Amino acid sequence: MIPVFLKQMLEKQYGQEITQKIIEGYRKIRKVTLRVNTLKTTVEKIEEELKKAGIEYEKKSWSNEAIVIKNVREKEIQDLPSYEKGEIYLQSLSSMLPPIILEPEEGTDILDMAAAPGGKTTQIAALVNNKASITACEMNKIRAERLKYNIEKQGAACIYVMLTDSRRIDNFFSFDKILLDAPCSGSGTLGIKNSNLEKIVTPKLIQKSTAVQLALLKKAITILKSEKEMVYSTCSILQEENEAIIQKVLHTTNTEIVPIQGKGMEELPVLPTKIPGTLCVCPNEEYEGFFIAKLRKKDRH
């Protein structure tokens with residue numbers, strides 16, 4: 001059962017019909033999905049390995065590296081030599097979207113503000129062929145170790161890990177691109193079979209998350225270079241953690257929304273959003289619930 005207060009929040013935001021669809025999405029057992037790590041191998045080699053192992057899969061039109069597994073679970077994937085070598089990485093489809101939407105470029109300075117365990121950070125490294133300077137922040141020492149492990153395993157040689165709370169980054173720094181995958185309530189990723197949901201997702205957690213999200217976003221805009229772009233994302237589908245946070249900075253800082261476009265994006269199962277050009281993915285058997293907004297810092301002149 002999902003917490004009563006959460007169901008009420010969803011109904012208020014989306015109406016009963018869409019809320020029902022979201023709850024059905026929570027009930028689904030999500031398919032195993034992975035990303036091919038092009039720093040170490042090619043998509044063709046991985047497809048060959050999967051076929052040899054009798055593993056059925058399908059591809060996504062919005063990313064050549066995203067693979068949906070149809071007939072096995074994580075265990076069988078973890079037994080593959082390519083998993084051991086760091087040539088593939090188990091990652092949810094939804095979490096592959098922010099780095100793609102960020103459109104990182106070679107030869108630039110990129111910041112990942114809440115990087116652990118490193119799925120998106122290493123994906124950015126692969127998108128720029130290890131030819132950018134990526135700073136990955138993580139304030140928790142244990143999570144930072146996990147981040148370093150994943151970076152090393154995937155051969156992402158252009159990443160520097162900073163053990164720090166991103167809210168405290170010196171304003172002296174400036175970046176060409178910033179990914180802020182903000183800590184959140186996780187309201188897009190609930191497994192309805194979890195009997196502890198009442199204890200995990202609480203009004204207090206949402207309240208705490210929104211304060212952190214706003215502080216992080218304000219910091220991101222401060223250290224983003226003029227005329228450059230950033231991506232804000234959460235695995236929440238609540239407007240309190242998404243559109244409401246974005247609206248606050250649009251009114252008080254020199255930023256504008258960059259409408260999210262891209263190959264295959266029209267395939268995504270989406271929820272309505274209050275800000276045109278932003279994206280909210282509906283949870284289903286393939287995707288987790290996820291919100292993404294792209295922002296540009298305008299030149300003050």
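Here are some numbered notes on this predicted model, to read with the structure open.

1. **Ground rules.** Residues are numbered from 1 along each chain as its sequence is written, and side-chain values use heavy atoms, with hydrogens and water left out. Because the model is predicted, local features need pLDDT of at least 70 and side-chain atom pairs count only at pLDDT 80 or more, while totals for chains, interfaces and linings use all residues.

2. **The four-strand sheet.** Start with the open sheet, whose strands come in the order β2-β3-β1-β4 with antiparallel pairing. Strands here are DSSP runs of E with at least two residues, helices are runs of H or I with at least four, and both are numbered from the N terminus. Two strands pair if DSSP finds at least two bridges between them.

3. Which strands sit at the edges? They are β2 (57-60) and β4 (88-90), each pairing on one side only. From one strand to the next, the twist averages 30°; for such angles, axes are lines fitted to C-alpha atoms (for helices, over the stretch in contact), and the values run from 0 to 180 degrees between N-to-C directions.

4. **Walking across the sheet.** β2 and β3 are joined by four bridges and run antiparallel, forming a hairpin with two residues between them. Moving on, β1 and β3 pair antiparallel over three bridges, and β1 (residues 33-36) is also joined to β4 by three bridges, again antiparallel. Have a look at V68 in β3: it is the bridge partner of E58, and also of T33. At the β4 side, V36 stands opposite I88.

5. **How enclosed is β3?** Five of the seven residues of β3 are buried, so this strand is largely enclosed by the rest of the structure. "Buried" means under 20% relative accessible area, "exposed" over 50%, and "partly exposed" in between, using a 1.4 Å probe and protein chains only.

6. **The helix on the sheet.** Helix α6 (residues 93-102) packs on the sheet and touches β1, β2 and β3 (63-69), with its direction making about 175° with that of β3. Contact means heavy atoms within 4.5 Å. Why call α6 largely enclosed? Because nine of its 10 residues are buried, among them L93, M96, P98 and I101.

7. **Some parallel pairing.** Now switch to β5 (residues 109-112), which pairs with β6 (residues 133-137) in the parallel sense over four bridges. The chain gets from β5 to β6 through helix α7 (residues 119-127), and this β-α-β crossover is right-handed. To check that by eye, point the strands away from you: right-handed means the path from the first strand over the helix to the second runs clockwise.

8. **A tilted ring pair.** Rings of Phe, Tyr and Trp (its six-membered ring) pair if their centres lie within 6.5 Å; planes under 30 degrees apart count as stacked, over 60 as edge-to-face and the rest as tilted. The count comes to three aromatic pairs. In one of them, W62 and Y287 have ring centres 6.5 Å apart and planes at 45°, so the pair is tilted. The two residues are 225 residues apart: W62 is in the loop between β2 and β3, and Y287 in the loop between β12 (279-281) and β13. W62 is buried at 4% relative accessibility, and Y287 is buried at 3%.

9. F173 and F175 have ring centres 6.4 Å apart and planes at 20°, so they are stacked. F173 is partly exposed at 36%, whereas F175 is buried at 5%. Together with F172, these two form one aromatic cluster. Elsewhere, the charged end of K153 sits over the ring of Y83, 4.4 Å from its centre; the rule is NZ of Lys or CZ of Arg within 6 Å of the ring centre and within 35 degrees of the ring normal.

10. **A last stop at L295.** L295 lies in strand β13 (residues 290-297) and is buried, with a relative accessible area of 0%. Leaving aside residues up to four places away in sequence, L295 touches several residues, including L217, M230 and I246. I246 is 49 residues from L295 in sequence but 9.0 Å away in space, C-alpha to C-alpha.
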